[in-house]
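Please look through the following protein chain together with its three-dimensional model.

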Amino acid sequence: MPHELKPEDLGTYRESLLNLQARLRGDLDQMTDEALRRGQPDSSGNLSNVPLHMADVGTENYDQEFTLSLIENEQDTLGQIHEALGRIDAGTYGKCEECEEMIAKPRLQALPYTKHCIKCAREMESRG
Ligand SMILES: [Zn+2]
């Protein structure tokens with residue numbers, strides 16, 4: 001099995017996953033906080049204190065609904081990270097769930113929680 005991931009590779013991916021998980025959890029706390037505060041207009045919340053990546057997309061357009069959809073996305077990603085960590089423990093990490101080929105390393109490095117190879121991901125995207 002030439003594409004088998006080495007234990008040290010798995011360690012690296014596990015570390016990336018844990019880092020990402022910690023970062024997302026921090027973000028979520030912050031965003032949930034913001035969303036809740038925005039739901040209470042009388043509070044003394046400071047609106048300029050939004051997470052950085054939200055400032056990037058323009059604080060002008062950002063509203064509570066947008067924040068909530070971001071929270072949903074991040075919760076979804078956290079779920080996928082959790083599953084990926086489970087696959088590392090189960091020894092199935094790095095395999096495409098669809099075609100069972102090994103997922104290319106650059107893809108795993110960019111998206112350590114992905115469970116599909118680029119080919120299947122594209123196919124699923126075009127199927128909708
Ligand atoms: Zn695949």
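The side chains of Glu-83 and Lys-115 meet in a salt bridge, with N and O 3.1 Å apart; a salt bridge here is a side-chain nitrogen of Lys or Arg within 4 Å of a carboxyl oxygen of Asp or Glu. Because Glu-83 lies in helix 3 and Lys-115 in the loop between helix 4 and helix 5 (118-127), this pair ties together parts that are 32 residues apart in sequence. The model is predicted, and local features need pLDDT of at least 70, side-chain atom pairs count only at pLDDT 80 or more, while totals for chains, interfaces and linings use all residues. Residues are numbered from 1 along each chain as its sequence is written, and side-chain values use heavy atoms, with hydrogens and water left out.

**Salt bridges**

- Side chains of opposite charge can pair when their charged atoms come close, and the structure holds six salt bridges.
- Glu-83 is partly exposed, with a relative accessible area of 38%, and Lys-115 also counts as partly exposed, at 22%; buried means under 20% relative accessible area, exposed over 50%, and partly exposed in between, with a 1.4 Å probe and protein chains only.
- Asp-9 forms a salt bridge with Lys-105, whose closest N and O atoms are 3.0 Å apart, and this pair links distant parts of the chain, since Asp-9 is in helix 1 and Lys-105 in helix 4, 96 residues apart.
- Of these two partners, Asp-9 counts as buried because its relative accessibility is 16%, whereas Lys-105 is partly exposed at 35%.
- Glu-98 forms a salt bridge with Arg-127, the closest N and O atoms being 4.0 Å apart; Glu-98 lies in the loop between helix 3 and helix 4 and Arg-127 in helix 5, so the pair ties together parts that are 29 residues apart in sequence.
- Salt bridges that share partners join Asp-33, Glu-34 and Arg-37 into one network.

**Overall fold**

- The protein chain has five helices and zero strands; helices (H or I, at least four residues) and strands (E, at least two) are DSSP runs, numbered from the N terminus.
- Of the 128 residues in the protein chain, 31% are buried.
- Among contacts between residues at least 6 apart in sequence, 55% join residues at least 24 apart, where contact means heavy atoms within 4.5 Å.

- Helix 3 (residues 64-90) has 27 residues and should span 39 Å at 1.5 Å a residue, which agrees with its end C-alpha atoms being 39 Å apart; the expected span is 1.5 Å times one less than the number of residues.
- Helix 3 is followed by Gly-91, whose phi is positive, near 80°.
- The buried residues of helix 3 include Thr-67, Leu-70, Ile-71 and Glu-74.
- The largest nonpolar core has 21 residues, and those with the most contacts inside it are Tyr-13, Leu-17, Ile-81, Tyr-93, Leu-108 and Tyr-113; such a core is a set of buried Ala, Val, Leu, Ile, Met, Phe, Trp, Tyr and Cys residues joined through side-chain atoms within 4.5 Å.
- The elements that give two or more residues to this core are helix 1 (7-38) and helix 3, and helix 3 gives the most, with seven residues.
- Leaving aside residues up to four places away in sequence, Ile-81 touches Leu-17, Leu-20, Gln-21, Leu-24 and Tyr-113.
- Thr-77 is found in helix 3 and is buried, with a relative accessible area of 16%; beyond its neighbours within four places in sequence, Thr-77 is in contact with Leu-24 and Tyr-113.

**The aromatic pair**

- The structure holds one aromatic pair, formed by Tyr-13 and Tyr-93, which is tilted, with 5.5 Å centre to centre and 45° between the planes.
- Rings of Phe, Tyr and Trp (its six-membered ring) pair if their centres lie within 6.5 Å, and planes under 30 degrees apart count as stacked, over 60 as edge-to-face and the rest as tilted.
- Both Tyr-13 and Tyr-93 are buried.

**Residues that call for a second look**

- Arg-87 is buried yet has no salt bridge, and the nearest side chain of opposite charge, Glu-83, is 4.1 Å away; Lys and Arg count as positive and Asp and Glu as negative, while His and the chain ends are not counted.
- Glu-100 has a positive phi of about 65° although it is not a glycine, and Glu-100 counts as exposed, at 58% relative accessibility.
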